[in-house]
Amino acid sequence: MNMRKNIVAGNWKMNTTVPEGVKLASEVNEALKGVTPKCDVVIGVPFTHLTAVKAVIDSEKLGLSAENCADKVKGAYTGEVSAAMVASTGANYVILGHSERRAYYHETVEILAEKVKLALENGLKVIFCIGEVLEEREANKQNEVVAAQLASVFGLTAEEFANIILAYEPVWAIGTGKTATDDQAEEIHAFIRSLIAEKYGEQVAEDTTILYGGSCKPSNAKALFAKPNVDGGLIGGASLDAESFMGIVTAF
Ligand code: PGA
């Protein structure tokens, strides 16, 4: 039996105040009432919003994600938010390894391995982002880049790895309006799945959800999601508007 899930997840990034976020979450929640999407739907929101958003959504229909968590358990780490804290809000997911965190906050393969471990220990599913920058794509190095980034999750047991959702996000496509073509996405998603098969076997590879992210919108989601190895999307800009986000959800 194929266990692979389709997922459309929003990544709000550092956008919206708490009242604005509660309004947006309520709109998405409302829009989901009348429909049975062919995918799981998740919204990734700032730490400050988690508790308030959790209170206004139907958790049966809409999953809740943080956008980060600390690489330490607890204690004297001023300003950090632990995986246990995230889980205590009722959130079920955390986005880790986003290219913005790698680039601006110097998150390394090793730091991310720690974050992944703590997230899983606290019962969170991890949406783990990988992807190359433009120069790497131009040098045709995308395969080796994603292979190296996967080291953060390839130390897990197969049982732990079942709680990992991968998101391939070419950095050159994030927020740029420049999407990978559906063939480009399919090619690298298939390669990523082959790496999982090498590491954990065919069945685990078949069961792993691999999302595409980077300027995904209602107009291109259908073609991307039609590809056999593209199991949904991680949506930035287009997740900040309930209607466009729902346009992607219903693209399946
Ligand atoms: P974008 O962002 O959809 O705005 O390109 C995607 C992401 O960074 O997750």
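Let's start at the ligand: one of its oxygen atoms sits 2.8 Å from a polar backbone atom of Gly237. Asn11 uses its side chain instead, where an N or O atom is 3.4 Å from a ligand oxygen. Keep in mind as you look around that this is a predicted model.

How much of the ligand's accessible area does the protein cover? On its own the ligand has 290 Å² of it, and the protein covers 95%. The shell doing this has 13 residues, with Lys13, His98, Glu169, Gly175 and Ser215 the closest. By class, that shell splits into seven polar, four nonpolar and two charged residues.

Now for the pockets. The largest one holds about 530 Å³ of space. It's lined by 27 residues, and nearest its centre you'll find Lys5, Ile7, Lys125, Ala162 and Thr209. Strand 2 (40-44) is the top contributor to this lining, with three residues, while helix 8 (158-161), strand 6 (164-168) and helix 10 (202-207) are also among the elements that give at least two each. Sorted by class, the lining has 15 nonpolar residues, plus six polar and six charged.

Next comes the second largest pocket, with about 440 Å³ of space. Its lining has 15 residues, and Lys13, Met14, Glu67, Arg101 and Tyr105 are the closest to its centre.

Methods: Residues numbered from 1 in each chain as written. Predicted model: local features only at pLDDT ≥ 70, side-chain atom pairs only at ≥ 80, totals over all residues. Heavy atoms only, no water. 1 Å grid on protein atoms, 1.4 Å probe; cavity = no way out; pocket = protein on both sides within 12 Å on 5 of 7 lines; lining within 4 Å. Points joined across faces, edges and corners; volume = space filled by probe spheres on them. Helix = DSSP H or I, 4+ residues; strand = E, 2+ residues; numbered from the N terminus. Nonpolar A, V, L, I, M, F, W, Y, C, P; charged D, E, K, R; others polar. Near = heavy atom within 4 Å. Polar contact = N/O pair within 3.5 Å; in protein donor to acceptor, adjacent residues only side chain to side chain. Areas by Shrake-Rupley, 256 points an atom, 1.4 Å probe, with all protein chains shown as cover.
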